[in-house]
Amino acid sequence: MTRTDQTRVGVHCVLLTALVAAVALALMPSPAIAKSVEGRFVAFGPGNWSCADAVAVAEGNHPGSQGQLDGFIAGYLTASNVILRNTYDIQAGKPASTAKMAVLTFCAENPEVDLANALAVHTQRQYPDRRSVPPRR
């Protein structure tokens with residue numbers, strides 16, 4: 001086999017691999033729709049807060065609740081890393097504070113949504129940019 005033939009085979013393998021990956025990604029269920037067959041789920045702690053309440057906590061209007069908000073966001077992101085397939089870091093190296101800012105921006109625009117669903121929207125948006133493996137050192 002000539003070098004040109006080997007290159008063509010290599011290119012075809014890469015294209016086929018990319019096609020298979022694209023089809024697999026398209027068929028993958030959305031990370032934000034993992035709910036019961038009735039479309040419901042139980043949210044614990046701050047996950048039950050409305051977005052309006054989460055924004056109020058972030059603005060300091062509910063003393064003592066800031067730690068609960070931060071802990072819930074960090075826990076949700078950690079659970080996403082554990083549960084979502086091919087996910088090492090849903091935040092792609094960005095700190096949880098970046099997620100908090102994005103979620104609170106979403107919450108300010110959607111005050112009636114609960115915090116658990118706001119985080120589901122965030123992780124769904126982050127999913128394409130996530131890290132699938134640890135960064136090389």
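Reader: Leaving aside its neighbours within four places in sequence, which residues is Leu69 in contact with?

Author: Apart from those neighbours, Leu69 contacts Trp49, Ala54, Val57, Ala58, Lys100 and Leu115. Please keep in mind throughout that this is a predicted model.

Reader: Does Leu69 count as buried or exposed?

Author: The test is whether the relative accessible area is under 20%. Leu69 has a relative accessibility of 0%, so this residue counts as buried.

Reader: What is the overall pattern of the chain?

Author: Read along the sequence, the pattern is α-α-α-α-α. The chain has five helices and zero strands. Of its 137 residues, 28% are buried. Among contacts between residues at least 6 apart in sequence, 67% join residues at least 24 apart.

Reader: Which residues have the most contacts inside the largest nonpolar core?

Author: Those residues are Leu69, Ile73, Val103, Cys107, Leu115, Ala118 and Leu119, within a core of 22 residues. Helix 2, helix 3, helix 4 and helix 5 each supply at least two residues of this core. The largest share, five residues, comes from helix 4.

Reader: Which residues does Cys107 touch, not counting residues up to four places away in sequence?

Author: Cys107 touches Cys51, Val55, Leu115 and Ala118 on that count.

Reader: How many salt bridges does the count come to?

Author: The count comes to one salt bridge. Lys100 forms it with Asp70, and the closest N and O atoms are 2.7 Å apart. This pair links distant parts of the chain, since Lys100 lies in helix 4 (residues 96–109) and Asp70 in helix 3, 30 residues apart. Lys100 is buried, with a relative accessible area of 17%, whereas Asp70 is partly exposed at 33%.

Reader: How many aromatic pairs does the count come to?

Author: There is one aromatic pair by the rule applied here. The ring centres of Phe72 and Tyr76 are 6.2 Å apart and the planes meet at 50°, so the pair is tilted. The reasoning rests on two cut-offs: planes under 30 degrees apart would count as stacked, and planes over 60 as edge-to-face.

Reader: Where do Phe72 and Tyr76 lie?

Author: The general idea is that an α-helix has 3.6 residues a turn, so residues three or four places apart point the same way. In this structure, Phe72 and Tyr76 both lie in helix 3 (residues 66–83), four residues apart, about one turn of the helix. Phe72 counts as buried at 17% relative accessibility, while Tyr76 is partly exposed at 21%.

Reader: What sits over the ring of Tyr127?

Author: The charged end of Arg130 sits over that ring, 3.9 Å from its centre.

Reader: Which residue just after helix 2 takes a positive phi?

Author: The general idea is that most residues other than glycine have a negative phi. Just after helix 2, Gly60 takes a positive phi of about 90°. Asn86, a residue other than glycine, has a positive phi near 55°. Ala92 is not a glycine either, and its phi is positive, at about 50°. Asn86 is placed in the loop between helix 3 and helix 4, and Ala92 lies in the loop between helix 3 and helix 4 as well.

Reader: Where in the chain is confidence lowest, and where highest?

Author: The general idea is that where pLDDT is low, the predicted coordinates should not be read in detail. In this chain, confidence is lowest in helix 1 (residues 3–27), at a mean of 44, and highest in helix 4, at 96. Over residues 10–33 the pLDDT is below 50, and this stretch has eight contacts in the model beyond near neighbours in sequence. For the chain, the mean pLDDT is 80, with 69% of residues reaching 70 or more.

Note on methods
Residues numbered from 1 in each chain as written. Predicted model: local features only at pLDDT ≥ 70, side-chain atom pairs only at ≥ 80, totals over all residues. Heavy atoms only, no water. Phe/Tyr/Trp six-rings, centres within 6.5 Å; stacked < 30°, edge-to-face > 60°. Buried < 20%, exposed > 50% of the residue type's maximum accessible area, 1.4 Å probe, protein only. Lys NZ or Arg CZ within 6 Å of the ring centre and 35° of its normal. Contact = heavy atoms within 4.5 Å. Salt bridge = Lys/Arg side-chain N within 4 Å of Asp/Glu carboxyl O. pLDDT = per-residue confidence, 0-100. Core = buried A, V, L, I, M, F, W, Y, C linked by side-chain atoms within 4.5 Å.
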